[in-house]
Amino acid sequence: RWLGLDWDEGPDVEGAFGPYRQSERVAQGLYQKYSDQLVENGHAFKCYCTTDRLDEMRKAQTEKGEFAKYDGQCIHLSAADHAEHVKSETPFVVRMVIPTEGTCIVKDRLRDDIEIDWSQIDMQVLLKSDGNPTYHLAVVVDDHLMEITHIIRGEEWINSAPKHILLYQYFGWDLPVFCHLPLLRNVDKSKLSKRKNPTSILFYQRMGYLPEALLNYLGRMGWSMPDEREKFTLPEMLEVFDIQRVSLGGPVFDVEKLSWLNGMWIREELTDEQLADRLQEWALNRDTLMAFLPFAKQRMETLSDIAPLGNYLVSGMLPITAEQLKSAGIDEEPLIEVCLLYTSDAA
């Protein structure tokens with residue numbers, strides 16, 4: 001909402017394909033119904049293997065240099081074995097049946113056909129022992145029932161595509177169009193992570209970036225305007241957007257470039273009056289001041305004392321060094337974890 005992105009339907013908007021919360025759909029028995037259908041048709045099976053057995057199995061496979069995946073033990077259980085497990089109320093999960101030979105061809109809107117050997121695909125758990133679906137079952141069922149025609153995900157989901165394609169085929173449903181986008185990268189080309197770059201949208205809000213500028217910058221990640229201009233609005237982008245113009249070379253999220261673009265938006269798009277309004281809305285608002293004043297008041301002798309006492313509220317990134325934090329008596333790695341946890345909670 002802060003970025004100005006709206007959605008057509010959802011739990012807070014409603015629509016023709018609700019309920020939109022997975023917990024509510026679980027309560028309706030929706031995923032259980034489709035899981036049962038897969039089992040009845042021989043496309044899935046109940047697996048009673050314990051966690052200890054699965055851990056030992058994967059360890060043995062890894063030691064042999066094999067691809068770690070479920071070995072199919074429970075797929076061959078007899079009716080008598082199943083009856084015994086039912087009688088003893090043995091916990092179970094539902095796994096999907098995967099072909100043992102051949103390849104799956106994933107047709108991707110942005111890429112050439114991708115061939116993945118079925119031998120590299122695990123017999124995915126579809127329904128957990130508590131009756132809740134895993135992502136793989138829920139996303140296929142929900143996307144079909146909500147009449148989703150195009151599925152756009154990050155490229156880390158390519159290896160899961162064969163499972164989803166197979167589920168569509170098991171149910172006899174038409175396949176949607178698949179499109180796997182490149183992942184955002186840090187400046188050093190590593191995968192974007194909060195250890196190297198703040199990844200929370202709300203962080204950039206708190207730091208004083210304009211939503212228009214951040215949306216503009218994100219729109220340039222792996223895509224560009226036909227005329228190559230760097231500064232544009234969302235309506236301007238929508239007018240000429242073509243997903244085929246998305247580049248597959250991992251786009252780099254550079255905070256310095258974002259700051260440069262944000263500066264352009266401040267100087268070129270905001271009048272002095274508009275900038276004053278944005279500043280007041282951002283940090284100089286009454287709610288922010290009221291949260292801070294009870295503490296500052298105890299140290300104030302004149303109204304001007306508010307500036308040095310509250311400058312951290314509008315100073316962006318505080319000039320704190322690693323040396324200053326050593327006095328906390330915490331090793332570097334745990335300290336980083338604490339700081340990341342704090343910033344996540346604050347967001």
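Let's start with E236, which is partly exposed because its relative accessible area is 31%; that label covers the range between buried, under 20%, and exposed, over 50%, using a 1.4 Å probe and protein chains only. E236 forms a salt bridge with R229, and their closest N and O atoms are 3.4 Å apart. By salt bridge I mean a side-chain nitrogen of Lys or Arg within 4 Å of a carboxyl oxygen of Asp or Glu. Side chains of opposite charge can pair when their charged atoms come close. R229 is also partly exposed, at 34% relative accessibility.

A quick word on the model. It is predicted, so local features need pLDDT of at least 70 and side-chain atom pairs count only at pLDDT 80 or more, while totals for chains, interfaces and linings use all residues. Residues are numbered from 1 along each chain as its sequence is written, and side-chain values use heavy atoms, leaving out hydrogens and water.

Now, which residue does K257 meet in a salt bridge? The partner is E230, at 3.0 Å from N to O. K257 lies in helix α10 (residues 255–269) and E230 in the loop between α8 and α9, so this pair ties together parts that are 27 residues apart in sequence. Helices here are DSSP runs of H or I with at least four residues, strands are runs of E with at least two, and both are numbered from the N terminus. K257 is partly exposed at 30%, and E230 is partly exposed at 28%.

E228 has a positive phi of about 70° although it is not a glycine, and at 54% relative accessibility it counts as exposed. E14 has a positive phi as well, near 70°, and sits in the segment before α1. P19 is found in that segment before α1 (22–27), and the peptide bond from G18 to P19 is cis, with omega near -5°.

One more pair to find on your screen: R53 and D71 meet in a salt bridge of 2.5 Å, N to O. R53 is in helix α3 (residues 51–63) and D71 is in the loop between α3 and α4 (79–87), 18 residues apart. Both ends are partly exposed, R53 at 21% and D71 at 39%.
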